[in-house]
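Good morning, everyone, and thank you for making time for this.

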Amino acid sequence: MSLNEQLHGEHPPTLGKVLHIPAGQGPSVWLNGDVYTVKVDTAQSGGTITLLEASVPPGGGPPAHDHRNEDEAFYLLEGELEFYADGRTYDVRAGDFVFVPKGTVHRFRNKGLHAAKQLLIFTPSGFEEFFLQAGTEARPGEPIPVFDPADNPRAKEIAEALGSYQIAESPRPPVSGPALTDLTDLTDLTDLTDGV
């Protein structure tokens, strides 16, 4: 008996069925030099949540972007990533959690020597369609292809159709310092109001 049943004598309504997605299961794609596996999609969650597992090799990570329709959260399982969000950079390590409200410009980058592994959570669900449409089906036993800028216009078009806009970044030398620093390398923010 649940705590709710004990306290209120009622059973909350069930919105869907219990899911068990075994390790290594779910559609996997290569995108931006990373591999993404959809663990829970819109149909499975009734539209409430999308959950992806990501493996980000050294140098990997998406360009700066925002999401107009979803909040996004990240839980780092292994490795280290540099996150940029809301004008700041964060050095994120295994066990750290990052929440990015919708409309916030963000990106992550693996600046380490080893692959990082993380969970990406989108609420509400639906943004898994970007990965499935823009990515290339991953093939076991083959290395992740490096990012090809020629693929970016197609990915950008798919993302924009789903309410996510890339933000141009100007090249800048690496920033060193404490775990939390200012980063002012986002010079073209005109895309923030496009399509709204």
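I will start with how to read the model, then turn to its cavity, its charged side chains and a few backbone details.

What you see is a predicted model, in which local features need pLDDT of at least 70 and side-chain atom pairs count only at pLDDT 80 or more, whereas totals for chains, interfaces and linings use all residues. Residues are numbered from 1 along each chain as its sequence is written, and side-chain values use heavy atoms, with hydrogens and water left out.

Let me begin with empty space. Rolling a probe the size of a water molecule over the atoms shows where empty space is left. Here a cavity is a set of points, on a 1 Å grid over the protein atoms alone, where a 1.4 Å probe fits but cannot get out, and its lining residues have an atom within 4 Å of a point. Grid points are joined across faces, edges and corners, and the volume is the space filled by probe spheres set on the points. How many cavities of 30 Å³ or more does a search of the whole structure find? The search finds 1, and the volume of this largest cavity is about 210 Å³.

Its lining is made up of 22 residues, and those nearest the centre are N32, P62, H65, F127 and F130. By type, the lining has 14 nonpolar residues, 7 polar ones and 1 charged one; nonpolar here means Ala, Val, Leu, Ile, Met, Phe, Trp, Tyr, Cys and Pro, charged means Asp, Glu, Lys and Arg, and the others, Gly among them, are polar. Among the elements that each supply at least two lining residues are β4 (65–67), β5 (71–78), α3 (128–134) and α4 (152–161), where helices (H or I, at least four residues) and strands (E, at least two) are DSSP runs numbered from the N terminus.

Is N32 buried or exposed? With 15% relative accessibility, N32 counts as buried, the term for under 20% relative accessible area, while exposed is over 50% and partly exposed lies in between (1.4 Å probe, protein chains only). D86 also has a positive phi of about 55 degrees and is not a glycine, but D86 lies in the loop between β6 (80–85) and β7 (88–93) and is exposed, at 65%.

Now to the charges. Side chains of opposite charge can pair when their charged atoms come close. A salt bridge is a side-chain nitrogen of Lys or Arg within 4 Å of a carboxyl oxygen of Asp or Glu, and the structure holds 5 of them. One of these joins R93 and E80, at 2.8 Å from N to O, and this pair links distant parts of the chain, with R93 in strand β7 and E80 in strand β6, 13 residues apart. R93 is partly exposed at 43%, and E80 is partly exposed at 46%.

R107 pairs with E82, their closest N and O atoms being 3.2 Å apart. Because R107 lies in strand β9 and E82 in strand β6, the pair ties together parts that are 25 residues apart in sequence. R107 is buried at 5%, and E82 is buried at 11%. A further salt bridge, between E142 and R139, has an N to O distance of 3.1 Å, and E142 is partly exposed at 40%.

K39, in strand β2 (residues 34–40), gives us another case. Which side chain of opposite charge is nearest to K39? It is E53, 5.2 Å away, and K39 is buried yet has no salt bridge; in this count Lys and Arg are positive and Asp and Glu negative, with His and the chain ends left out. A polar atom of the K39 side chain does, however, lie 2.9 Å from the backbone oxygen of Q25.

Notes. 1 Å grid on protein atoms, 1.4 Å probe; cavity = no way out; pocket = protein on both sides within 12 Å on 5 of 7 lines; lining within 4 Å. Polar contact = N/O pair within 3.5 Å; in protein donor to acceptor, adjacent residues only side chain to side chain.
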